[in-house]
Amino acid sequence: TVRIELTGEVSIEEGAVHVYKKDGTEITETTSGLFKLEDGVYRLDGGIYTYEASAKGYAPKTGTFSVGKQDKTVAVELIAYRTITFDLTPADAQIKVYDIEGKEIAANEDGTYSLVDGTYSYEVVREGYWSENGTFTVDKTDQTLTIDMDETYIIGFDANLSVVQNLIIVVTSDDGTEMVAEEDGTYLLKNGKYSYKASARGYEDLRETFTVESGAKTVPLNF
């Protein structure tokens, strides 16, 4: 006989095990020649089998095991889920969470996430606010992660030229990150210090800095 035992951090009372033959047929109480004697206990011929194990509060697990002439016990260790809560400001911001391979993870109905230990990434977006991206590590405990988004303000540029030809503006943040302009040429920026380079045909390049301070503004370009 083969006994499959589920183990975890706490006693597993609501576990379920399914065992399959090589051709994918599940071993049940009525499988011809093979028998499920009771939950987790099987009478099997020699060969290789696949199992699917699950339990409340744990991540499901699949694997294989071989059967020879001796009785054996297959220990299957399940990994507990951790409850991860995101405290977002503003509260109606939208968050997406990804595993280390970049696959998006679905949230629970209450907005929390059930995650096993490991490293994850997130992105938070909300119209009128600076998008937030980052990583976090789940390590044996539930967590609440607080993310406060920064409001953004419309920043425009006004060139003191009657005719502007091939005007190009490049804006960078204080840490050197190049900002992306909106379709109308303005920028949505959070509070902070920025620099820009402005170029126009027939004029010397302008290189200056400006500061965003909780309000929209127009930056003059004095060529």
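User: How far apart are the mean positions of the positive and negative charges of the chain?

Analyst: Lys and Arg count as positive and Asp and Glu as negative, while His and the chain ends are not counted. Each charge is placed at NZ of Lys, CZ of Arg, CG of Asp or CD of Glu. Here the 20 positive and 40 negative charges have mean positions 8 Å apart. This is a predicted model, in which local features need pLDDT of at least 70 and side-chain atom pairs count only at pLDDT 80 or more, whereas totals for chains, interfaces and linings use all residues. Residues are numbered from 1 along each chain as its sequence is written, and side-chain values use heavy atoms, leaving out hydrogens and water.

User: How many helices and strands does the chain have?

Analyst: Both are DSSP runs numbered from the N terminus: helices are H or I with at least four residues, strands are E with at least two. The chain has 0 helices and 20 strands. Its radius of gyration is 29 Å, well over the 17 Å of the globule rule for 223 residues, so the chain is more spread out than a compact globule. That radius is taken over C-alpha atoms, and the rule is 2.2 Å times the number of residues to the power 0.38. Along the principal axes, the C-alpha atoms fill a box of roughly 90 × 30 × 25 Å.

User: How do strand 12 and strand 13 pair?

Analyst: Two strands pair if DSSP finds at least two bridges between them. Strand 12 (residues 118-125) and strand 13 are antiparallel over 7 bridges, with G118 opposite V138 in strand 13. Their hairpin has 6 residues between the strands, and G128 takes a positive phi near 90° in that hairpin. Strand 13 (residues 132-138) has a covered face of E132, G134, F136 and V138, and an uncovered one of N133, T135 and T137.

User: Is V17 buried or exposed?

Analyst: Buried means under 20% relative accessible area, exposed over 50%, and partly exposed in between, with a 1.4 Å probe and protein chains only. V17, in strand 2 (residues 16-20), is buried because its relative accessible area is 11%. Contact means heavy atoms within 4.5 Å. Leaving aside neighbours within four places in sequence, V17 is in contact with I4, L6, Y42 and E52.

User: And where is E9 placed?

Analyst: E9 is in the loop between strand 1 (2-7) and strand 2. E9 counts as exposed because its relative accessibility is 54%. Apart from neighbours within four places in sequence, E9 is in contact with Y58, A80 and R82.
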